Structures are given as C-alpha cells and as structure tokens.
Amino acid sequence: MDSMLSQEEINALLNGAGGGDDGGSGSGTGSTANSDALSAEEKDAIGEISNISMGTAATTLSTLLNQKVNITTPHVEISNWDDISNAYERPCVFIQISYIEGLDGNNILILRENDVKIITDLMMGGDGHNTDGELTELHLSAICEAMNQMMGSAATSISSVLEKKVDISPPTASLVDMNDTISTDNLSNFLQGDFVRVSFRLEIGDLIDSELMQLYPVDFAKDLYRKFLESTDLGGTAEPAGAAPEPAPAPAPQPTPAPQPQPAPAAYAAPPQQAYAAPPQQQYAAPPMQPVQPVNVAPAQFASFDTSLNPVMMQENIDLIKDVPLEVTVELGRTNKTIREILDFAPGTIIELNKLAGEPIDVLVNGKYIAKGEVVVIDDSFGIRITDIVK
C-alpha cells in the first residue's frame, strides 16, 4: 500500500506532463486555456445573447445577399490563440467591432478567406462562384460593409435584451495568416491570453457551409453577463440554490355554527288599487304664418380680362429675372455601365458613348435640352458654337 500514489500525486504528475512555461509551442499539445474563467451560468447567458443577436444578423445578411442564410445555435467556450490557429484554415479574415455606446469593449469575427470572396461576389451581383485570385482591398471593404449592417442589427437586438441603447463603430477587416505567433499591430491585445470563443455554423444557400467564430475578452463577457442580470431583475434578488420557501401553516378548522330557526314569513297583502283619472286633453293652436319677403337674385358680374399683352409690361417682368443664374451644361454623350464594369475602370480605359463622331453635341440649361452645337477652341479653352435652337 505504501508504494501506491495518492490522487494529489497523480494530479501533480499529469499537470507536469502538460508542458512547462516555455514548452507550449510544440506540436501535439492540447489547449492550455483556463476553462473555469466563466461559470456555466455565464456561458449560458452569453450563448443566449449571441443566439438572439445572430438570429437578427442572419436576417439582415439574407436580405443583403438575396440568399437564404442560416446561423445555428452557438457553442461557448474558453480558448486561446493556439486553439484558434490549429482549428482554422490559413489565411482567414479578422473583422474587429468596437462598442461605442451601451457596452465597453470590442470583439472579433473570424471568417474563412473563401467565404469572404463568396460573400463579396454576391454583394457585387455575381452568383458566388467568382472566387479566383487573391483577396484585395475591395474584398475587405465589401465584407466590412456587410458586417457593419449585420452587426448593427445584432446590436439592436442586444439593446432590446439589455433594455439600453447599444451602438457599434464601423468594423475594420484584416487578412491574418494564422501563424504560430500573433502580432497585435492590427489586432486586439486580448488575443494574447485566454478569451471567450463563440462558434456558429454559417450556411448561405448552397454556397457556404462553414464555421463563423466570435471572440470576446473574458472581462467583456462577464460585464455583458452582469448587465444581462440587471436587465432581467435577477441580480442580487434570486434565492440561493436549494433553498425552498417554507410553507405557510394551514389555518385551524373553525367549528360550524348550528343552524338557527328562521321565523315564518308574514302574509303579503297587496295595497288597495286606486282609480286613475287621465288629465283633460288640451287643444294645440299652430302659430300664425309670417309673410315671405321677396329677395332679389342676380348673376355675379366680373370685369373681363384684357387678352392683349402690354410689351412694356412684359419687358419689365423679364428684367426682374435677368440676373438669375442658370447652369449651362454641354453634354458630349452618354452610356450605361454595370457596377462590375465600373470597378474595372483604370487610367487609359476607353468608354464608348452613344454619339457618333462629328455629330452635334447637346446644350442643356438647368437640365433642359435647348440647343445643339459644335466644339470650338478659343485660345486655350474649349467652347461651343450654337448651330441649332430646339423649339
């Protein structure tokens, strides 16, 4: 019996086998995150809030992409950078969202690079299959706009849960290669320690079936839990677990009083009937008719308008508005382009207009077409010679 190890000694050996302070970077090591940083109640509350907010966000994203979007029930756990780096594809896109009202802190959304390309292509009017090439600033800008609308609606849902206004700042996106070390130049400092990871399954039509992750600082998650308790009036007022209220004592039975004898009802005598005499009818005399006075009715007389215009008066009226400035526009031609074609514009791009070479150009005053003309050069400036006035 003396050669057997106690439970404390076994636990000490297991903890020592997990790696020293500097030995956590080797392959095959498990998660070293402190899973007890959040209680079970706090994890349930964070999951419920995330479920409500992401449900609204999925509706917003579905409207934006014109696709069916489904975000499943979240899974909340404590994680660290090693867990994220080992579990996620390289590279991926980090979207940072900061709260500017109602909550103090920020969080990070993680999307796979190919998912960002599909969402961007759908926003541009494509079918979601144009995902070739590298991720550019255009992709990052588009995903920021999508996440701004998506998380804006999520903040509105959180506002209704916490019963206070919650607002976010415009998100920022960055491409991260998920290497073994993390640089905090463009990312939040809380990623260097333990943090809260909320995982969702993201489905967009038949194009995306992937994982969406949302990362919180542990302090932010605890503060969110406290505000959730305050909004539901549970903070400090809940009964301790297992304490059941004592039942009230049952009232003592009261003796039933004996029935008392009731006196016999007296005989009812109807009152004697009295004769009713109707009042005598009176004669009604109509008032005398008054004679009708005659009224003179005649059609209204109006002075006739003089249809002749006074040239002097017309000139004076025109003089009143001669100094009013008008915008004169010379239009060389027009054409229609799609958003995809406009995004391909670059220095040197040639745009074909709807005017033929040598055809007169249009002259517009305040947007109204009034004349045609031809382009001339006056000294070092362009001008236009009017060739025809439109009637």
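This is a predicted model: local features need pLDDT of at least 70, side-chain atom pairs count only at pLDDT 80 or more; totals for chains, interfaces and linings use all residues.

Modeller: Residues are numbered from 1 along each chain as its sequence is written, and side-chain values use heavy atoms, with hydrogens and water left out.

Colleague: How many salt bridges does a search of the whole structure find?

Modeller: Side chains of opposite charge can pair when their charged atoms come close. A salt bridge requires a side-chain nitrogen of Lys or Arg within 4 Å of a carboxyl oxygen of Asp or Glu. The search of the whole structure finds 11. One of them joins Arg 226 to Asp 223, at 3.6 Å from N to O.

Colleague: Where do Arg 226 and Asp 223 lie?

Modeller: Both belong to helix H6 (residues 218-231); helices are DSSP runs (H or I) of at least four residues, strands (E) of at least two, numbered from the N terminus. Because they are three residues apart, about one helical turn separates them.

Colleague: Is Asp 223 buried or exposed?

Modeller: Buried means under 20% relative accessible area, exposed over 50%, and partly exposed in between (1.4 Å probe, protein chains only). Asp 223, at 17%, is buried, whereas Arg 226, at 45%, is partly exposed.

Colleague: Where is Ser 169 found?

Modeller: Ser 169 sits in the loop between strand E5 (167-168) and strand E6 (172-176), and is buried at 17%.
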